[in-house]
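The following briefing accompanies a sequence and its structure. Please consult both while reading.

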Amino acid sequence: MTGIARTAPAPGGGPGRWEEAARARAARLESLLGDPYDPANPHGLRALFAADERRTPPRETEALLDEEGWAAEFVPAAHGGRLTRADLLARALRPVFRRDVALGFGHGITSMFATGAVWAAGGEGMRHELAGQLLAGGRATILHHELAHANAILRDEFTARPAPGGGHLLHGRKDVVINASRADAQVVYARTDPARGPRSHSVFLLDPARAAPGTTRHLPRVETAGMRGALFSGLEFDGRAVPEDALVGAPGDGVALALRTFQVNRSVICGVVTAAVDTVLHSAVRAAATGRGGRVARRWHKPLTGVFADLLACDAMATVALRALGLLPGRAHVFAAAVKYVVPDLLRENLEELAAVLGGRGYDLESPEYGALGKLVRDLPVAGLGHAGTASCQAVIVPQLRTLAESAWFAEDEPPPELFRAGAELPALDYRALGIAGGGDFMAASLAGSAARLAACRGVGGQVGVLAELAETFVAELRALRETCRALPASGGRALADPAVCVLSDRYSLIVSAAAVLGVWEAQDGTDPFLADPAWAVLALARIGARLGVPVPDLPDGCTHRLLDELIRRHRSGISCDLDSTALAH
Amino acid sequence: MNSPADTFPSDPRPAGTGHAVASVRAGPAEAGPADLDRISEPVHVVGPDGPWHRVREGMRSRGNAVVFTTWGQWLGTAVTDPGLRPLLGGDWQRYRRTEDPLIRFRFLTSRLVTKYTAAAALDARATDLNLAYKIGGRPYLRGLDQVDISLTHTDDLIAVAVSRTGRIGVDAEPAGRAMSFDLLHSHVCSPAERAELELLPAGRRSAALLRLWTLKEAYTKAIGQGLRLGFTEFGFGADGEGLLAPDGRPASRGEWAFSTRRVLGRYLLSVASHDAGLDSSRDTAAHTMLDEGFMGAVADLLAPAAPGGAGTGADP
């Protein structure tokens, strides 16, 4: 697609310009998508809800995204695309996800999930060719291998057996694959070793157009309960020949490549679905304030400000994970897993709290003002993949807990401050540098550092005093966790497949989530007075602490009102309820 | 912490008994046939020994299970179990602090029934589970999100529901409890429900209102909100039409199933069950949930003596 550079600014001018360029692209897309509440807007919520109801992708909006060369967002800048930093990718995608998570998955982000393995381990020629396909408007899909406790999307897998004369032959079927019918490239994680274990699978990049007749069968579309407009269907391979040069990385690299690329996918998903819940929060504020002269009834103060604080916390967690992928690529894996473990669950609870605020209006399913809740309740589980998604994160965390307890917690230096500081320059995302285990725990170190700096404020009262108490509470939790985790079995495998260990991974994930909130709050330079004020961090941490089941101090006077005033201000001015305070189209 | 399973302080229901529940048939009742098929029939578990196979069977076939018991049946086990403290876990302090013996033992039994039911669904030991509470009070099993749970008690009945397809909520009331339509409709009924109930003979309104009440409790508990979600903001039809908007239009796309049944001959038990549509794994065992490939790849890199595995383990 030659028009890309003309229609949207591509990254140029080096790392110092990346952020500005990505924000400019996001602003342009926001403005092209237009007022979500205008019933006549072909890209507005009414049109998007109607497409969902018809179970079709929103064609006009897909065409707009094609015109903008949206697929280039998923192609590394080194290969001619716009992908520089993972945190900026999430920013650039948010205008779409704010309106329609299913469109974000169906039209684009699936290509990113699929192609990660190629950017991580594909040869130069393979990467170049795939980049060319995406830049020309092509699409890639991913054929996952089956994970433990798989749901429909992760169930079943393909087997690749060596073919006489070289290459492999693929067999098997999967019934629920997004874009299976319209992908220009398929990235398949196929079993190449019948034994279970870390070397059981290999990755292949397939060109559907090159399948020999009779070896690929497209199965009918599957109507899913969530993301109803996305095109899920099945694929069956029966001796589908795969040439030797289709192998991505080395034979047996599949599981490791999944681990390496999933951490990017997990972090990006958390960074974009937060924007979708933001839309529902705006609709709940509208419902609570309508007909009351703009005032919000007292009983809604707690849920509205609670959700606002959670959204800021989720943005903090996701943003820190996304920045870590570039800054600390060998060590981001465990935090990315913790964030993906926590964020979808938090957001699901947030939608339920907002359902209470919206009341009967929440069932006004076609209305652009109030219909976002009903659709997102359906779409969010598909985006997060439910239990199978969280369990796959726990499988990354659980085997590391003992090592972290023994050698990392309370023993490491803090991460560089650029990890948290908005506007700081960061290295580009390099899939090849991503690690999958080991490297310590920079977020635990950050928590201890934050608490130590705040310690002087303990007992002084006020917002900062409470913040300091909360920080110490999480540090005490980490200390208690360290004692328990030191006693875990040294070897992995079955000994760790214990419900009591899953409990520990839950506690761990909440503790490092709190660390992200503290890190982002500490990094404020005062440019945004609301974020520099401790109120949002106090409420966010109090809620994380309540989830952890630890005693939390009473909220200081004025905390809720500080958040409520800001929330109403942002709603009235059309500003996003995240760390960026982005102006929304109106 | 007060959970939605406990009586809400602002609960407007009156005490006492009154009219017979005319519209409630014995056994399966109330909901449309499709929904009854989606929610497992309640199982009477008389003690820690079960029968639990029916819970596992319900989880496999329908994705959910519902159990009920009376707290007296569990009390012997409950007070003599030497492992009570680890069994209660985070609830131990609340149990110890509760002075009223009736409330104390009912609390104890309800938590034990919940943990044993969850243990059956997760193929785990009850003592290994951590029963925790979300901010709104909804109980859950920390670290094990393959199942959602809900519990309720009324008089001597305790009921627990568990699901692997999505949120679940359960509520029970004595079937003979009088519900004054005149006093309560403005707190309980949506406009569409009110219109429907007004068409009924006066003698049948109380029973119809009680059914609506238990369904509404079950639904708001399923989404973790309790009475925070106003009962007049959503509704149900008389013939099992599922969740409805205040004006009577359908309010969901079939993700929710509801059932109302009579148990022990004297309680009305309603269940609201959500299906997120992911076609979740029938295997809900806690010991099989961590992917062996992922665990193995991570463990290989951490073990100093093991060969390097496939990834780059650390920063360059």
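How many residues of chain B are in contact with chain A? In this predicted model, 59 residues of chain B are in contact with 67 residues of chain A, two residues being in contact if their C-beta atoms, placed from the backbone, lie within 7 Å. The predictor gives the complex an ipTM of 0.94 and a pTM of 0.93.

**Conventions**

- Residues are numbered from 1 along each chain as its sequence is written, and chains are lettered from A and ligands numbered from 1 in the order in which they are written.
- As the model is predicted, local features need pLDDT of at least 70 and side-chain atom pairs count only at pLDDT 80 or more, while totals for chains, interfaces and linings use all residues.

**Confidence in chain B**

- The pLDDT is below 50 over residues 1–31 of chain B, a stretch that has 72 contacts in the model beyond near neighbours in sequence.
- Residues 305–316 of chain B also have pLDDT below 50, with 34 contacts beyond near neighbours in sequence.
- Where pLDDT is low, the predicted coordinates should not be read in detail.

**Fold of chain B**

- Chain B contains 10 helices and 12 strands; these are DSSP runs, numbered from the N terminus, with helices (H or I) of at least four residues and strands (E) of at least two.
- Of its 316 residues, 53% count as buried, where buried denotes 20 or more other C-beta atoms within 10 Å of the residue's own, exposed 12 or fewer, and partly exposed in between, with C-beta atoms placed from the backbone.
- Among contacts in chain B between residues at least 6 apart in sequence, 67% join residues at least 24 apart.

**The side of chain B that touches chain A**

- Chain B is represented in these contacts by 59 residues, and helix α10 (residues 292–302) gives the most to this side, with 11 residues.
- By class, this side has 27 nonpolar, 18 polar and 14 charged residues; Ala, Val, Leu, Ile, Met, Phe, Trp, Tyr, Cys and Pro count as nonpolar, Asp, Glu, Lys and Arg as charged, and the others, Gly among them, as polar.

**B:H287**

- B:H287 lies in the loop between β12 (267–274) and α10 of chain B.
- B:H287 counts as partly exposed because it has 15 C-beta neighbours inside 10 Å.
- Leaving aside neighbours within four places in sequence, B:H287 is in contact with A:A497, A:D498 and B:D123.
- B:H287 and B:D123 are 164 residues apart in sequence and 7.9 Å apart in space, C-alpha to C-alpha.

Conventions:
pLDDT is the predictor's confidence in each residue, from 0 to 100.
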